Amino acid sequence: MTTDFLLRFDSPIGRIELTGDAAAVTSLSIERDGALPHDELPERPNDVLETARAQLLEYFDGDRTSFSVPVRLEGTPFQRAVWAELERLGWGEATSYGALAHAVGRPGSARAIGGAVGANPVPIIVGCHRVLASDGRITGYSGGQGIPTKLWLLGHEQIGFAA
């Protein structure tokens, strides 16, 4: 994970930590149990991270439905294919693990899709919270406090789900 630049800020779902390089955001972490991955490091903001913070705050305020800040998603070719599909989803749109598996040409690999979704280094900006089970249930979320964080994001975007 690149930590050339680092910025933290408060949000409705807890503190958020952004890391990046001179050209892109490379990670977004949501506070879990009061901690962020790089709490021990001093902030080193740059223009890219300042833009990401501004866009995220607009998102949380309900004034932004898409992101234009550049992101760098580093992972396996399979992970990058899954994340590219996530980037196609817009505000208020949901998909299923099975639909993602078909979209990346790996039908029947919903469990592997779940691993790739959970490994997304830039949640919210790359909307992994928009992935539900095929029956519309919430099966998990790796960011922040887990399912409560996902519930907040789904509610914010008015995405329905099965109880």
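Predicted model: local features only at pLDDT ≥ 70, side-chain atom pairs only at ≥ 80, totals over all residues.

Biologist: Understood. Which feature does UniProt place at residues 9-73?

Modeller: The unreviewed UniProt entry gives "domain: Methylguanine DNA methyltransferase ribonuclease-like" for that stretch. Over residues 9-73 the chain is 23% helix and 18% strand, with 21 Å between the end C-alpha atoms.

Biologist: And where does UniProt place the feature "active site"?

Modeller: The unreviewed entry puts that feature at Cys128. Cys128 sits in the loop between helix H4 (110-118) and strand S5 (131-132).

Biologist: Is Cys128 buried or exposed?

Modeller: Cys128 counts as buried because its relative accessibility is 5%, and the cut-off for buried is under 20%. Leaving out residues up to four places away in sequence, Cys128 touches Leu86, Val117, Asn120, Pro123, Tyr141 and Lys150.

Biologist: Turning to the overall layout, which domains does the domain assignment give?

Modeller: The assignment gives domain 1 (5-61) and domain 2 (77-157). Their centres, taken over C-alpha atoms, are separated by 21 Å. Domain 1 brings 14 residues to the contact and domain 2 brings 18 residues.

Biologist: How much area is buried between domain 1 and domain 2?

Modeller: The area buried there is about 1300 Å², and carbon and sulfur atoms give 63% of it. Between the two domains there are five residue pairs in polar contact and zero salt bridges. On the side of domain 1 that touches domain 2, strand S3 (25-30) and helix H1 (47-61) each supply at least two residues. S3 gives the most to that side, with five residues.

Biologist: How many salt bridges does a search of the whole structure find?

Modeller: The search finds ten. One of them joins Glu31 and Arg15, whose closest N and O atoms are 3.1 Å apart. Glu31 lies in the loop between S3 and H1 and Arg15 in the loop between S1 and strand S2 (16-20), so this pair ties together parts 16 residues apart in sequence.

Biologist: What about the burial of those two?

Modeller: Glu31 counts as buried at 17% relative accessibility, whereas Arg15 is partly exposed at 22%. Arg15 also meets Asp39 in a salt bridge, at 3.0 Å from N to O.

Biologist: Which residues do salt bridges that share partners join into one network?

Modeller: The network consists of Arg8, Arg15, Glu17, Glu31 and Asp39. Arg8 is in strand S1 (residues 5-9) and is buried, with a relative accessible area of 13%. The side chain of Arg8 makes a polar contact with the side chain of Glu17 at 3.4 Å. A polar atom of the Arg8 side chain also lies 2.6 Å from the backbone oxygen of Leu41.

Biologist: Finally, which salt bridge does Arg130 make?

Modeller: The side chain of Arg130 meets that of Glu157 in a salt bridge of 2.8 Å, N to O. Arg130 is in the loop between H4 and S5, and Glu157 is in the segment after helix H5 (147-156), 27 residues apart. Arg130 counts as buried at 4% relative accessibility, and Glu157 counts as buried at 2%.

Terms used. Residues numbered from 1 in each chain as written. Heavy atoms only, no water. Helix = DSSP H or I, 4+ residues; strand = E, 2+ residues; numbered from the N terminus. Buried < 20%, exposed > 50% of the residue type's maximum accessible area, 1.4 Å probe, protein only. Polar contact = N/O pair within 3.5 Å; in protein donor to acceptor, adjacent residues only side chain to side chain. UniProt positions renumbered as here; feature names shortened; annotations may be inferred. Domains from an automatic or database assignment. Contact = heavy atoms within 4.5 Å. Buried area = accessible area lost by both parts, 1.4 Å probe. Salt bridge = Lys/Arg side-chain N within 4 Å of Asp/Glu carboxyl O.
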